[in-house]
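Dear colleague,

Please find below the structure I am handing over to you. A summary of the findings follows it.

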Amino acid sequence: MPVNQKFQGGKAFGLLKAQQRERCEEINKEYMEDQKYRDEEDLPEKLDSFKNKYAEFDLNDQGEIDMMGMKRMMEKLGVPKTHLEMKKMISEVTEGVSDSINYRDFVKMMLGKRSAVLKLVMIFEDKANGASCKPDGPPPKRDIASLP
């Protein structure tokens with residue numbers, strides 16, 4: 001496929017997403033080889049999950065989650081935030097260096113020991129989606145003695 005060929009529409013979008021996933025996969029390999037994260041339980045599965053979640057909210061496909069991507073993420077998670085709150089969350093993750101979150105910062109935040117607000121929201125969302133609070137099936141049979 002020639003490099004100078006211009007794609008339009010879905011083909012261009014698919015190419016951008018494939019390139020983005022390749023970049024994320026390269027960063028994932030770095031984390032897999034890093035001694036600091038060797039003891040992390042289920043590291044390959046976690047990194048794959050982080051890659052998918054990150055790609056979902058990288059709206060401009062530039063490899064960074066900007067303010068609008070963060071806004072969309074928080075709204076989808078059911079915890080809309082104000083502009084200032086989102087700016088503070090981004091600053092907390094990037095340690096004040098950038099106005100957008102790159103994949104490396106995102107993974108470092110999710111695997112790190114420090115509790116960033118975004119990390120807590122994402123963990124809560126995963127637990128809420130993973131475990132059903134309502135038991136499956138019909139309710140158990142009760143007798144008169146078990147009523148309050």
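A salt bridge is counted where a side-chain nitrogen of Lys or Arg lies within 4 Å of a carboxyl oxygen of Asp or Glu. By that criterion, this predicted model holds 4 salt bridges.

One of them pairs Glu-25 with Lys-51, whose closest N and O atoms are 2.7 Å apart. This pair links distant parts of the chain, since Glu-25 belongs to helix H1 (residues 9-33) and Lys-51 to helix H2 (residues 43-57), 26 residues apart. Lys-51 is buried, at a relative accessible area of 10%, while Glu-25 is partly exposed at 32%.

Lys-51 also forms a salt bridge with Asp-48, with 3.4 Å between the closest N and O atoms. Both residues lie in helix H2, 3 residues apart, about one turn of the helix. Asp-48 counts as partly exposed, with 37% relative accessibility. Through shared partners, salt bridges join Glu-25, Asp-48 and Lys-51 into one network.

In helix H3, Lys-71 and Glu-75 are 4 residues apart, about one turn of the helix, and form a salt bridge with closest N and O atoms 3.1 Å apart.

Turning to helix packing, the axes of helix H3 (residues 67-76) and helix H4 (residues 83-94) come within 10 Å and cross at roughly 105 degrees. The two helices are therefore roughly perpendicular to each other. Met-67, Met-70, Lys-71 and Met-74 of H3 make the contact with His-83, Met-86, Lys-87, Met-89 and Ile-90 of H4. These contact residues comprise 6 nonpolar, 1 polar and 2 charged.

With kind regards

Definitions and conventions: Residues are numbered from 1 along each chain as its sequence is written. This is a predicted model: local features need pLDDT of at least 70, side-chain atom pairs count only at pLDDT 80 or more; totals for chains, interfaces and linings use all residues. Side-chain values use heavy atoms; hydrogens and water are left out. Axes are lines fitted to C-alpha atoms, for helices over the stretch in contact, and angles run from 0 to 180 degrees between N-to-C directions. Angles under 35 degrees count as roughly parallel, over 145 as roughly antiparallel, 65 to 115 as roughly perpendicular and the rest as oblique. Contact means heavy atoms within 4.5 Å. Ala, Val, Leu, Ile, Met, Phe, Trp, Tyr, Cys and Pro count as nonpolar, Asp, Glu, Lys and Arg as charged, and the others, Gly among them, as polar. Buried means under 20% relative accessible area, exposed over 50%, partly exposed in between (1.4 Å probe, protein chains only).
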